[in-house]
Structure formats: structure tokens, C-alpha cells
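This briefing is for a reader who is new to the structure shown below.

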Amino acid sequence: MTRKLRWFTAVLMGVMPLTWAAPDSAPLPMTATDAPAAADPAAPVAVDPAAPVRDVTRTFAQIAPPPGVFTLTGTRTQGQIEFGVRSDELVTKALLTLSYRPSPALLPVVSHLKVYLNDEMVGLVPIAQDQAGKTSQIQLPLDPRFISDFNRVRLELVGHYANMCENPANSAVWLDIGKESSLALTLQKLPLQDDLSHFPEPFFDSRDNRPLILPMVFAGAPGLGQQKAAAVLASWFGTKADWRGQSFPVLYNQLPEQQHAVVFATNDQRPDFLKTLPPVDKPTIAIVNQPQNPWEKMLLVMGRDDNDLLKAVQGIAQGEVLLRGQSATVDEVKELMPRKPYDAPNWVRTDRPTTFGELQQYANQLQSDGLQPNPIALTLKLPPDLFLVRARGIDMNITYRYTTPMQEDGSRLAVNLNNQFVQDYPLSGKHDNGRQLLRIPLVQGLTDSSTQLTIPALRLGVVNQLRFDFDYASLFYGGTYNSATKESRCATVTPVSNHVVIDDNSTIDFSGYRHYIQMPSLRAFANAGFPFSRNADLAQTLVLVNARPEADKVSALLNALGNISAQTGYPALKVKMTDDWSKAQEQDDDLLMIGEIPQTLKDDSKINLLVDAAKSWVNKPNRQNDFSTRPLSTDDMYAESQTTISSSGPMAAIVSFKSPFHDQRSVVALLADSPRAWQLLNGALIDSDKRAAIFGSASVIRESGVNSLRVGDIWYVGHLPWWERVWNALATHPIMLAAFAAVVVILFALLLWRLMRSISRRRLGDEDDL
């Protein structure tokens, strides 16, 4: 509705004039070109002929649920794709291209595919005789007037394979929608008012599913204060981007082309395009047009000095709901209560049971409907160091409601964790709701009447998917044929839609477990920001940066902190930053290094793995398995060789090693040997596929991709009582366990022998007395 109102306002009333613009900016057009309602949905809708226009094509592989291709059947007749339109853009033309293959058993004419846009029927695709079993394509124009902020294209199959006595669950009823299907949009820029009440739009728009790319502009190489202010703001935008990914290119004294941007400026250090702006006397946030480009905005973060810049971004991070008007000043930011370790908003609670309502990411996530309802799925994000090795199971209290099956027909609810079956429960025909207390096993046994099979332990990672499948059995009454009268009689039941709900008061309990993890673990850093994310606000993190860094190094800093906060859901408000390497020895913090490793650390004997940007050397471990997730022993990670190769090609690396200053602290270093290498490193930090290849103690990033190694010393972070450490060591070292068992047997035998000998001597002594 918002999109429709904005479209009609722009068409009928024109665009309202803006009240303030940046110095030297071009004036905005005062009115928009009137555009009558388009009778033909394929005809473009123009608002302003001077507005920039871009064409974008999104395949189903990008916007459809994974894996991007879906099959419509007689019991699951509907499939859909979703897309959003940014608030600063208007769709003037839309074209849906469908690549589909119908079942050869479908009857023509009576079988067809209906296409809906936001529940408005916009197309009908008949199934012709010559299309059966073959791949076909069709293009359907979509009326832009039906497109709003968030949109859904729904496909519904009406499939028939017989003229009578049909079974909706018959496997002959299907239609495949290919991932090469696409949606092509023509998007036109809309002029925006300078109003912070819509913030974070247009710099971040939740309707845009693409990774967030937000340039950050400085007058020159930023000092320590400006780097910290930019890092805090980048981390806050990272919490907004969440699963989309984020990238923060850095520019010095210039604006990006055709992009919104954030500009940091103090009264003494300003980019040239802000020189005429009056000085400020408080931390100030403003939104203005970019000079010479009225269609792109600047978020100005201004202050008298670097401390004001930091206070301004803290005001954004903790009080953005108060922003309004063209500019705002931050008067005070006061902390009321410090955060606790492991309280990241995106992580499952570990201090008490977590309700499913707290895990919801969108409305109606815990319910589904249809002849065969789609699975209900929840994402569980856990701290990487949650120690579950000897845990007996995770308790889950499930309350659910469902449409009663027509009879006791074997309909069931199946619970799956990370695509591994856990348990199932019958959907009784006598009750319309259920309640189950389930223990998710960490060692699962499956038993039937004849055999017992033990499958591997259910692995819980950082990101886990809990899925509930409500499987309804199909009920069908067939037909009869009377040979005497030569008449057929069909008895069928009209299928009804089933409704299923998981109550949001259902709980899962991860409380009571200790925190203990083997390090180094770059997988934990790439996927959860660990160990820095132990405190969601990065209160125990010290970032070591250069005093006057190049733009690519600053971008690596912003991308790293943005990625960490995207995982935790909370900005890095307490991160500490320094360009004095000696301060790392004085503070009990985990260290994140950006750039060169100081010579004092290179010479430390505890650090036996570094990727030197100039020499390009790396230790090769004794045993390597790219696909293993089990912790390697010290012998496996012993370096058997060292190779030094000189090359002019770019190379970057992410390495992790134990802090030489504190036993419970870790160091993660982001290194690169050239501007191109910094680009490769930044690309690896924001690319989910490349992040998945980061693990172990060192990840080498080249043009060909990411290669990771497990090599060097191992250490443990966290706390376990001594008896649990003993059991953990024995469980992971079978030879040690066998030796320990042998020693125990020998000691027990010696004790028993001495006991028997003592009894024998006492008996003989009694006999001598007689």
C-alpha cells in the first residue's frame, strides 16, 4: 500500500520541493511528469524523464527458496518467490519469464498454471498437448501498479490426469519450475526528502535483499578516532544487513558514483565538497543531497573533533528511533547497564530456556497450511564454544496444533535437526493439539524389531536449522465399474487444506552447559566472530591498526567488524582501538590485527605460524583434511615442512595464534601484500561461500580462492573442572584411554592382591594362635 500511495502521489501531485541541500548541489526538479495509469501492464510507467533508470534481472536461483527450483504437485500446488523494492526506487516495468516442464500425464486444457502478484491474478498458463514432458518458456508482463514494497509472485498448479476418480496425491501430477526462470525489473530513481525519520533508509533498505554496499568517505587517511567511529557505525549497519552481507568501501576526499554514502567530517578535517558547510558545535547527524547528484544522499557525521564523531555514531547506534528532520544533534549517550558475556541478540539464550517466539525472524513463521503443509523451520545460532561433548541431550518442550486427520491414517510430525532425523510423533485423529517433551540426542540410536543401528552424533554448529515436517497421509476413495450396466461410479473426498502451528511458547534449553573450545579456530571467527563476539559489544576486543592506513586497510577493518556484528546482532560499542602495538601487552583482551604484524610479535617463540606478506611462506601440517570438523591432535598439526615462494601475484591471509601475553586470549591477524590482495581479503570476508572455506589456523586467499590449513600449537579457551578435562582428553585420545584403563586394571589388581594377601596372613596368624 505504501508503494501504491507513493506512486499515485508522484503521478498526480508531483514531488514536494526539498527545504535544504548541500552546498553546490544541483536543485531537484520541483514537479514530476504526470503519467496516466497504464492500461497495458507491459507499458513502462514514467515519473520523471530525468531520473536515473536501471534494469535488473533476478533468476529464481537468486530469489526462490533454495535450491532455486521447485516442483508443484497435486498436494503441494503452490510455490512462490518474493522480492522487495527499495524506497528510493519505483518499478516502471516488470517481466516474468517462466521456464517450466509439465508432467506428460497432465491433461491439456483442464490443466493450467495460475500466476498471482500480491494475490492479484496476473496470468494464466495453459498446458498444451505438445508441451507435455518438455521444457517450455513463457513471458508474462506484470502490472507495475500492483508492485509494492514487499512483493510475492505465487504460482498455483491446477493439474488433472483423469476425467474422473482422481487422487490428488498421485505422483503423475507435477510441474517443475526451473531455476533459469527470472524476473526482470526496470527501476527508476525517486527523489527523497532530507528527513532522518526514515533512517536508516536510504543507506540501508530492508526491502533490498542484495548485500549492503555502503561507501564511507573521509577527508584523508583517518586517525585513530575516526577509524573507531567508522568501525562502530559499520558494525551497526552490519546488524541491519544481517544475513545479506555487507561491504564498506573507503574513499578519501571523493564521493562514489551512483551510490549513497556516509561522510565523516570534523571542523578541521573535511572533504573538499563540504568546505563551505558551517562549523558545528555538537555531535551532528544530517542527511543531504550529494553535490551534482540530487538522486544520491549523504549521511553526514560531523563534530568538533574525533570524540564528537564517536559520540554521534553512538547516538545512531543506540537512539536511531529518535532521529528526525534534516539534521539532529546528539546531546548525551549514557550506558545504563553493562552487557554480559554470551548475551548476543542473535544467539540462543544459554542462561535459561529460549522460547520459539524469541527465535522467530518473520511473522507467521511458526505456522503453515496446505494439503501437505510446508515444513516449519527455525534457525538456532549458538556460541561456538558451547561444550556439548559429554552432554546427554538438549531438552525441547514442543506445543503444537494441527488440523485433525480424517481418520487414524499414519499422519505424523517429524522433527529434524540439520537435516538429520530426530524423532516423530503421530498426528492423532482424536485430538487437535499435542505437547511433547523431546530430548534432542547428541548420540542417536535407531532401533527396530530386528536390528539396532547407531548413527553418528548429531552435530551442533554455530548455525543450525530445526525443522518440523507435518506429513498428512493421503485419503482417496477409488471408483467402481458395473459390467452389467457398463457404468462407472466414483467415490471421492474433496481435499481440504490442513493447518499446523508450533506454539511460540515452546522452548529449547541450552542452559547449564560450560564454555570450552579448542583453538585456533578460524571457522568460529568467520562464522560467529569468535572469540571477539564472546561479548556482543566487543568489550574485550583490542583492534591494532596503522596510524595513517590506506583505504583498503580501513575497509578491511570495517568489513571485519561489520561481519562480527552481523553474526551477534549488536554493534561494537565497546571495542578498543590503538595504533600503539606495545599497549597489547598491557590489556587482557583478544587482539584483532589489521595490516603488518609488529616485529616484537614476529620474534616470539610461541608463534610458529605466520603468513608473511613479503616472503609468502607457510608451514605445511603433517596431516590435513579440508572436510573434517573434528579437532586435530597436536601430532596432526605438527609442521612437517616450511615452504618459501617468491611471486608477484597478490596474496592475503587470515591467521590465528595464541596471544603471547595472556593464556586465555587469541590473536587474529588480517594480512595482505598489495592493494589487490586487500581487495581479495575484503571479498573473502563478505562472501558467504568463501567464508565457509575459512577454518583452522591459517587461510591463504589468492585469485584462485581460499585455502585453509590446520597447523601449529593448539590451546583451549574457557573453563572445565579437572575431572571433565580428564574425561575429555581420554575421549579424544583412544590410545591414552587404553593406557589409562590398563593402569587402572593393574592398580586394581595390585590392590586386590594386597588385600587378599593381608586376609591370608591374618587367617594363618589365627591358626598359629590355635
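Helices (H or I, at least four residues) and strands (E, at least two) are DSSP runs, numbered from the N terminus. One such run, helix α3, is followed by Asp 242, whose phi is positive, near 55 degrees. The model is predicted: local features need pLDDT of at least 70, side-chain atom pairs count only at pLDDT 80 or more, and totals for chains, interfaces and linings use all residues. Residues are numbered from 1 along each chain as its sequence is written, and side-chain values use heavy atoms, with hydrogens and water left out.

**Overall picture**

- The protein has 12 helices and 43 strands.
- Of its 770 residues, 48% are buried; buried means under 20% relative accessible area, exposed over 50%, and partly exposed in between (1.4 Å probe, protein chains only).
- The accessible surface comes to about 37,600 Å², and carbon and sulfur atoms hold 52% of that surface. Accessible areas come from the Shrake-Rupley method with a 1.4 Å probe, and for residues only the protein chains shown count as cover.
- Among contacts with a separation of 6 or more, 77% join residues 24 or more positions apart; a contact means heavy atoms within 4.5 Å.

**Confidence**

- The average pLDDT is 80, and 77% of the residues score at least 70.
- Residues 4-39 have pLDDT below 50, and in the model this stretch makes 66 contacts beyond near neighbours in sequence.
- Over residues 443-457 the pLDDT also stays under 50. For that stretch, the model has 12 contacts beyond four places in sequence.
- The pLDDT is the predictor's confidence in each residue, from 0 to 100.

- Helix α3 covers residues 224-241, which is 18 residues. From first C-alpha to last it reaches 25 Å, close to the 26 Å expected at 1.5 Å a residue.
- The expected span of a helix is 1.5 Å times one less than its number of residues.
- Because 14 of its 18 residues are buried, α3 is largely enclosed by the rest of the structure.
- Helix α9 (residues 675-686) has 12 residues and should span 16 Å at 1.5 Å a residue; its end C-alpha atoms are 17 Å apart, which agrees.
- Buried residues in α9 include Ala 677, Trp 678, Leu 680 and Leu 681. Asn 682, Ala 684 and Leu 685 are buried in α9 as well.

**Salt bridges**

- Side chains of opposite charge can pair when their charged atoms come close.
- The structure holds 33 salt bridges, each defined as a side-chain nitrogen of Lys or Arg within 4 Å of a carboxyl oxygen of Asp or Glu.
- Lys 189 and Asp 88 form a salt bridge through their side chains, at 3.0 Å from N to O. This pair links distant parts of the chain, 101 residues apart: Lys 189 is in strand β10 (residues 182-189) and Asp 88 is in the loop between β3 (78-84) and β4 (89-102). Both residues, Lys 189 and Asp 88, are buried.
- A network of salt bridges links Arg 86, Asp 88, Lys 189, Asp 208, Arg 210 and Glu 296.
- Asp 589 pairs with Lys 576 in a salt bridge, with the closest N and O atoms 3.6 Å apart. Asp 589 is in the loop between β35 (576-578) and β36 (590-594), while Lys 576 is in strand β35, 13 residues apart.
- Asp 589 counts as buried because its relative accessibility is 6%. Lys 576 has a relative accessible area of 25%, so Lys 576 is partly exposed.
- Another salt bridge joins the side chains of Asp 469 and Arg 467 (3.1 Å, N to O). Asp 469 and Arg 467 are both buried.

**Selected residues**

- Asp 308 lies in helix α4 (residues 306-319) and counts as buried because its relative accessibility is 6%. Leaving out residues up to four places away in sequence, Asp 308 touches Lys 282, Pro 283 and Gly 303.
- Gln 361 is in the loop between α5 (356-359) and β20 (367-370). Its relative accessible area is 51%, so Gln 361 is exposed.
- Gln 361 and Leu 378 are 17 residues apart in sequence, and their C-alpha atoms are 8.4 Å apart in space.
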